[in-house]
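Work through the exercises below with the sequence and the 3D structure at hand. Try each task before reading its solution.

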Amino acid sequence: MAAELPEVLFVCTHNAGRSQMAAGFVQRLAGGRVAVRSAGSEPGDEINPVAVEAMGEIGVDISTGFPKPLTDDAVRPADVVITMGCGDACPIYPGKRYEDWDLEDPAGKDLQTVRRIRDEIEQRARALVAELAPT
């Protein structure tokens with residue numbers, strides 16, 4: 001019987017920038033060894049186009065994603081819940097591992113700023129994948 005994959009849920013307010021970029025990185029870096037979801041406490045209408053552009057520059061395509069609401073069904077299967085600036089809007093579920101990644105919100109920022117945020121997310125995503133799915 002195959003072992004279940006560790007599951008990570010990335011949560012930010014609009015699920016349009018940080019959480020989408022983090023999910024894109026973990027999907028790419030883990031190569032199928034980690035299940036990944038993302039959601040927002042107040043989902044936006046679309047993914048931030050500057051975030052899509054910044055990720056596309058390094059070969060990570062998040063253009064087909066879309067903001068999703070944070071629901072019990074999204075949190076329940078998660079082993080790790082990574083919050084990113086949603087504060088008290090992110091509910092806490094007993095028995096889950098939580099981390100808060102204090103990251104600047106890329107909403108309304110220029111490409112240079114979003115690149116810096118992207119690079120910080122990548123460093124954190126690499127460390128998370130190394131911990132959850134070591135090679």
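**Exercise 1.** Find the angle and the axis distance at which helix α1 and α4 pack, then classify the angle.

Step 1. Helix α1 (residues 18–30) packs on α4 at about 45°, and their axes are 9 Å apart. Helices (H or I, at least four residues) and strands (E, at least two) are DSSP runs, numbered from the N terminus. Axes are lines fitted to C-alpha atoms, for helices over the stretch in contact, and angles run from 0 to 180 degrees between N-to-C directions.

Step 2. Angles under 35 degrees count as roughly parallel, over 145 as roughly antiparallel, 65 to 115 as roughly perpendicular and the rest as oblique. Therefore α1 and α4 are oblique to each other.

Step 3. The residues of α1 in contact (heavy atoms within 4.5 Å) include Phe25 and Leu29, and those of α4 include Ile121 and Ala125. By class, this contact has 12 nonpolar, no polar and four charged residues. Here Ala, Val, Leu, Ile, Met, Phe, Trp, Tyr, Cys and Pro count as nonpolar, Asp, Glu, Lys and Arg as charged, and the others, Gly among them, as polar.

A note on the source: this is a predicted model, in which local features need pLDDT of at least 70 and side-chain atom pairs count only at pLDDT 80 or more, while totals for chains, interfaces and linings use all residues. Residues are numbered from 1 along each chain as its sequence is written, and side-chain values use heavy atoms, with hydrogens and water left out.

**Exercise 2.** Classify the crossing of helix α2 and α4.

Step 1. The axes of α2 (residues 49–57) and α4 come within 9 Å and cross at roughly 60°.

Step 2. That angle makes α2 oblique to α4.

Step 3. Among the contact residues are Val50 and Met55 of α2, and Leu111 and Val114 of α4. The contact divides into six nonpolar, no polar and four charged residues.

**Exercise 3.** In what order do the four strands form the open sheet?

Step 1. The order is β2-β1-β3-β4, with parallel pairing (two strands pair if DSSP finds at least two bridges between them).

Step 2. The edge strands, β2 (35–40) and β4 (97–100), each pair on one side only.

Step 3. Strand β1 (residues 7–12) is joined to β3 (residues 80–84) by five bridges. Val8 stands opposite Val80 in β3.

Step 4. Helix α4 (residues 111–132) lies across β1, β3 and β4.
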